[in-house]
Amino acid sequence: MNPAPNSTWGEVVAPPTDSKAAAVQRKVRRRRLFAKQFVLLGWIILGMAAVTVAAIPFATGIITLPFGNSFTLSEEAKAKAPPCPPSGTPVALSQVKVSVYNGSSRNGLAKETAERLKTFGVGIESIGNASESYAGSARITTGKAGITKAYSLSRALPDSEVRIDLSKKDRIKVLLGEQFQGALSKEILGGSELGSYPEPSEKCSKLD
């Protein structure tokens, strides 16, 4: 019997290994390891996202936890939510003074709106173009002390919304947007009254 190639007499030569099969096994192991790492990474990212979402209300001040276990709305959060309409009857619009700004692309909208509001006795403090554009109808901004007057005014501005600005007291600003269809006037109403306050929003915030 002749010795195996590259061997000498008396040596035990191991049979050649199947290098291709071993390579396949290594590739399978690497794939399994990668799959486990991918799943683990996915759970880590998901957990971080959940923590971030849960922390947003606290970071932005929407929810504060001063003491104990009760959650309370912060003043900033109340300002972001629309305030609930006040109780009682609206005030006469002759007691209301307002600044009107055009946040739409239509020329002369602020002036036209101011002229219609004047028919109710509203005092116009200033008219102009806004530094910001507004896609909505009309946004009425005031401080806590001006809520009653702001909601009284909103009856003459269809589809308007009232917002709180903590930096204001009772001054009222009206921002007109692209969807604004025009203010009411005494001529348009034809002798009818403006009516009561609008229905409160489900997300409105009751101010102290």
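**Salt bridges, strand pairing, core and disulfide**

Helix α3 contains both Lys 118 and Glu 115, which are 3 residues apart, about one turn of the helix. In this predicted model, the side chains of Lys 118 and Glu 115 meet in a salt bridge, with an N to O distance of 3.4 Å. Lys 118 counts as partly exposed, at 43% relative accessibility, and Glu 115 is likewise partly exposed, with a relative accessible area of 40%.

The structure holds 5 salt bridges. Side chains of opposite charge can pair when their charged atoms come close. Another of these pairs is formed by Arg 171 and Glu 125, whose closest N and O atoms are 3.3 Å apart. Arg 171 lies in the loop between β6 and β7 and Glu 125 in strand β4, so this pair ties together parts that are 46 residues apart in sequence. Arg 171 has a relative accessible area of 52% and is therefore exposed, whereas Glu 125, at 38%, is partly exposed. A salt bridge is also found between the side chains of Arg 139 and Glu 132 (3.6 Å, N to O). Here Arg 139 is partly exposed at 22% relative accessibility, and Glu 132 is partly exposed with a relative accessible area of 37%.

Strand β4, spanning residues 123-129, pairs with strand β3, residues 97-102, in the parallel sense over 6 bridges. Within the strand pair, Asn 102 stands opposite Asn 129 of β4.

The largest nonpolar core has 27 residues, of which Val 98, Leu 117, Ile 140, Leu 153 and Leu 157 touch the most other members. At least two core residues are supplied by each of β3, α3, β5 (138-142), α4 (147-154), β6 (160-164) and β7 (173-176). Helix α4 gives the largest share, 4 residues. Leaving aside residues up to four places away in sequence, Leu 157 touches Thr 113, Leu 117, Ile 140, Val 174, Phe 180 and Ala 183.

The count of disulfides comes to 1. Cys 84 is joined to Cys 204, with an S to S distance of 2.0 Å, and the link is right-handed, with 80 degrees about the S-S bond. Distant parts of the chain are linked by this pair: Cys 84 is in the loop between α2 (75-80) and β3, and Cys 204 is in the segment after α5 (186-189), 120 residues apart. Both Cys 84 and Cys 204 are buried.

Definitions and conventions:
Residues numbered from 1 in each chain as written. Predicted model: local features only at pLDDT ≥ 70, side-chain atom pairs only at ≥ 80, totals over all residues. Heavy atoms only, no water. Pairing = 2+ DSSP bridges. Core = buried A, V, L, I, M, F, W, Y, C linked by side-chain atoms within 4.5 Å. Buried < 20%, exposed > 50% of the residue type's maximum accessible area, 1.4 Å probe, protein only. Contact = heavy atoms within 4.5 Å. Disulfide = S-S within 2.5 Å. Salt bridge = Lys/Arg side-chain N within 4 Å of Asp/Glu carboxyl O.
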